[in-house]
Amino acid sequence: MPEPKSAVVLTFDRWGAPYGGCYGAGWLATPELNRLAARSALWEATWAESADLALTYRSWFTGRHAAATPAEGPGLAEQLAAEGIPSRLITDCPTLAGLPLADEFTELIEVDTPWPEAPAEDWQETQLARCAAAAINALEKSPPGELLWMHARAMAGPWDAPLPWRERLRDEDDPAPYAATRPPALLLPPEHDPDETLPFQHAYAAGVMLLDACLGVLLEQLEARLAETLVIVSAPRGFPLGEHGVVGEGGGENEARLYGELLQLPLLVLDPTRRGPIRYGEPRSPGDLHATLLDWFTGREEPPRAGRGASLLREPASPWTPGRALTAVQRDAAGRETQWLLRTPAWLYRKRLDAEGEPHRELYVVPDDRFQANDVASRCGDIVALCDTELEQQLAAITSDSPSPPPALPELLVEGI
């Protein structure tokens, strides 16, 4: 008899898509990630629905959009348990471990490690390596036919990659790399010197190199069982490094700014039933992992609803699904939505409320303006109006839990001008 199907999900917090060789960062050595991409499906347009970790995990565990009203009902682990499929969650993140949906896992393994005062001498002594070791220990004891999900704080946790790794990335005239272990968080002045952010970029890139090394060890452990195991590698959110005046969380969580450096995520799927490499431009969001894992274990597709994810295992009908745009929301400390983002095949539209509650709108051409550097809202009023209307329709359908996806996007939002 064939072995029962298994699935392993590896998520690394604050790892943005621009930092990985397979996503175009040729200057950054990520050999293990590149090897994985060479035999996987890779999505280039995966965007988070929120910078809030709890909301992203709600999407992953329920399939519902971050803007949707929480609904009663089982999460992913409880749904799998009803099918006789056990699940284990391994994490060093107290926020995730404290979520009610985390308690539904058959086993919750918390990696409790102290915050280091200085970078590690050896990469195997880092917190991320310890989290990976806990996952490897669980894999060694893991019987076939279960879901194992590892979430590491990664760059949201200690920046403890060895200092020589940081030094390796700088040129002779560059400033010394950031040597602290606390992730930086600051707002930059409008006319700041770009060199001011180089120390953070080099330290962050060393963290990605550490992630790559840990990923390699995890994949080596999985090699013998890949014929029956679905492997998903992703992240819940990225880490701004000064692109729009913010490093990290700026002056706090409410300084999160909905741009690509925060929301564009890596997403790779190693599926034993299909050969890679395959690259997709189709839009994807966190809720798609929920639909994918249910599809993998049960063979059933989720019924279509607004804001609900679709299985990554089903061949997309086209590079961009005409009726689907990606939306993201950000809430302030009082729980009020203050920022919104709409990502269509041709445009990225950002709307925010200022301190007086007045709306401000920005518009960027995609994929040409990869880093959202050239706001064209003042020159494309008709597109801004279309985006505003589309955003309202998308959010209304999501919050009302509409039983079907919204209508196809207007042609100008798909083809551009």
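## Aromatic pairs

Start with the rings: the count here comes to 16 aromatic pairs, where rings of Phe, Tyr and Trp (its six-membered ring) pair if their centres lie within 6.5 Å. One of them is W43 with Y280, a tilted pair with 4.9 Å centre to centre and 35° between the planes. For the wording, planes under 30 degrees apart count as stacked, over 60 as edge-to-face and the rest as tilted. W43 sits in strand β2 (residues 41-47) and Y280 in strand β11 (residues 278-284), so this pair ties together parts that are 237 residues apart in sequence. Helices (H or I, at least four residues) and strands (E, at least two) are DSSP runs, numbered from the N terminus.

Keep in mind that this is a predicted model, where local features need pLDDT of at least 70, side-chain atom pairs count only at pLDDT 80 or more, and totals for chains, interfaces and linings use all residues. Residues are numbered from 1 along each chain as its sequence is written, and side-chain values use heavy atoms, with hydrogens and water left out.

## Two helix pairs

Helix α5 (residues 127-141) packs with helix α7 (residues 198-222) at an angle of about 10°, and their axes are 10 Å apart. Axes are lines fitted to C-alpha atoms, for helices over the stretch in contact, and angles run from 0 to 180 degrees between N-to-C directions. On the α5 side, the contact (heavy atoms within 4.5 Å) includes L128, A129 and A132, while the α7 side includes L210, L211 and C214. The contact residues divide into 12 nonpolar, 1 polar and 1 charged; Ala, Val, Leu, Ile, Met, Phe, Trp, Tyr, Cys and Pro count as nonpolar, Asp, Glu, Lys and Arg as charged, and the others, Gly among them, as polar.

Now for helix α2 (residues 53-62) and helix α9 (residues 287-298): their axes come within 6 Å and cross at roughly 25°, which makes α2 roughly parallel to α9. S59, W60, F61 and T62 of α2 meet G287, L289 and H290 of α9. That contact splits into 3 nonpolar, 4 polar and no charged residues.

## A four-stranded sheet

An open sheet of 4 strands runs in the order β12-β13-β14-β15, with antiparallel pairing (two strands pair if DSSP finds at least two bridges between them). β12 (326-331) and β15 (359-365) are at the edges with a single partner strand each, so one side of each has no neighbour in the sheet. On average, neighbouring strands are turned by 10° against each other, direction ignored.

Inside the sheet, β13 (residues 337-343) and β14 (residues 347-353) pair over 5 bridges, and L341 has R350 in β14 as its bridge partner. Helix α10 (residues 381-399) lies across β12, β13, β14 and β15, at about 110° to β13.

Most residues other than glycine have a negative phi, and most peptide bonds are trans. R14 has a positive phi, near 65°, and is in the loop between β1 (6-12) and α1 (31-37). A cis peptide bond joins V366 and P367, with omega about 5°; P367 is in the loop between β15 and α10.

Terms used
Parallel < 35°, antiparallel > 145°, perpendicular 65-115°, else oblique.
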